[in-house]
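User: Hi! I'm new to protein structures and would like to learn how to read one. Could you walk me through a few features?

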Amino acid sequence: MAVDALFKGEKHMPYQTIPDCFDAVKFGHVKYVVVPLENTLEGTVNLTLDYLIESKQLKIVSEIVVPIRQHFMVHKENALRWQDTDVIYSHPHALAQCHQFLTQDMRQVKKEMYNSTGAAAQFVSEHPEQLIGAIANEKAAETYDLAIIKRDIHDIANNHTRFVVLHKNDTALRSNNLPVKGFKTTFMIALPTDHAGALHQVLSAFAWRRINLSKIESRPMKTALGQYYFLIDIEQKMDDILIPNTIQELEAIGCQVEVLGSYPYYHVTEVLHDV
């Protein structure tokens, strides 16, 4: 859905895992890659964030937020026997988003994690001899010719996922299909030392310039316990003075600063294909 909204009519290729997507753009198999970064219910997709930190040659060039609707589906040959379903396949986030349905309506059914909701739907379509089901969106049901048994089984109606578009250079990607909602710049910041007020100094560099932070979170540096990167989103695109001066101030106090991207962001307000 995110790909269709941003790249309508363009040729696209699915991959099984998030690391596969990173490798595809890194090695030039595709020009852009679209990966999930954050969900309303389940929070940050840490795998995407970790690979983004490690793959310094890839930059965020655009962002799109799409509404998510989860449905329970089975192979059409098994539609009348759906209550005999033995296993339900889906991505871990989708399973977590549908906790109430799974515990109340499908308590005795085994739940298996899959690389993606689309891959789970494909697996169900390829195995009509098995009494299995998937949790995915309507477009997946259409693509793999599955019967939707229960619609809108997610726990909370206001469910959205934030996707980012990655590219080998930092040229912002503008969509011809959607109006721009605003601009963001994302930083990865490593503090100089673990001392009192270190994070406060970082935040102060943004605060006194009245730069609005839309998100801040930490990820382990994977070097030692207690050492973290801080990921910061600001509601502003890169300019020639304000943001470069902010970076200079951060570097002056010993921080390592990496700009992960400066990009437009978009919202899909209508549920395309009832997804």
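Analyst: Happy to. Keep in mind that this is a predicted model. Let's begin with helix 6, residues 117-126, which is mostly covered, with 7 of its 10 residues buried.

User: Which residues of helix 6 are buried?

Analyst: They are Thr 117, Ala 119, Ala 120, Ala 121, Phe 123, Val 124 and Ser 125.

User: And what do the buried residues of helix 6 pack against?

Analyst: Quite a list: strand 4 (71-75), strand 5 (87-90), helix 4 (92-97), strand 7 (132-136), helix 7 (138-143) and strand 8 (146-150).

User: Now salt bridges. What's the general idea?

Analyst: Side chains of opposite charge can pair when their charged atoms come close. A search of this whole structure turns up 16 salt bridges. Take Asp 4 and Lys 139: their closest N and O atoms are 1.7 Å apart. Asp 4 sits in helix 1 (residues 2-6) and Lys 139 in helix 7, so this pair links distant parts of the chain, 135 residues apart.

User: Is Asp 4 buried or partly exposed?

Analyst: Partly exposed, because its relative accessible area is 22%, and buried would need under 20%.

User: Where do Asp 152 and Arg 69 lie?

Analyst: Those two side chains also meet in a salt bridge, at 2.6 Å from N to O. Asp 152 is in the loop between strand 8 and strand 9 (160-167), while Arg 69 is in the loop between strand 3 (59-67) and strand 4, so the pair ties together parts that are 83 residues apart in sequence. Asp 152 is partly exposed, with a relative accessible area of 35%.

User: Which residues are linked in a network of salt bridges?

Analyst: Glu 38, Glu 63, Arg 162, Lys 184, Lys 215, Glu 217 and Asp 233.

User: What is Ala 198 in contact with, leaving aside its neighbours within four places in sequence?

Analyst: Leu 191 and Thr 193. Ala 198 belongs to helix 8 (residues 198-207), and counts as buried because its relative accessible area is 6%. Ala 198 and Ile 253 are 55 residues apart in sequence, yet 9.1 Å apart in space, C-alpha to C-alpha.

Note on methods. Residues are numbered from 1 along each chain as its sequence is written. This is a predicted model: local features need pLDDT of at least 70, side-chain atom pairs count only at pLDDT 80 or more; totals for chains, interfaces and linings use all residues. Side-chain values use heavy atoms; hydrogens and water are left out. Buried means under 20% relative accessible area, exposed over 50%, partly exposed in between (1.4 Å probe, protein chains only). Helices (H or I, at least four residues) and strands (E, at least two) are DSSP runs, numbered from the N terminus. Contact means heavy atoms within 4.5 Å. A salt bridge is a side-chain nitrogen of Lys or Arg within 4 Å of a carboxyl oxygen of Asp or Glu.
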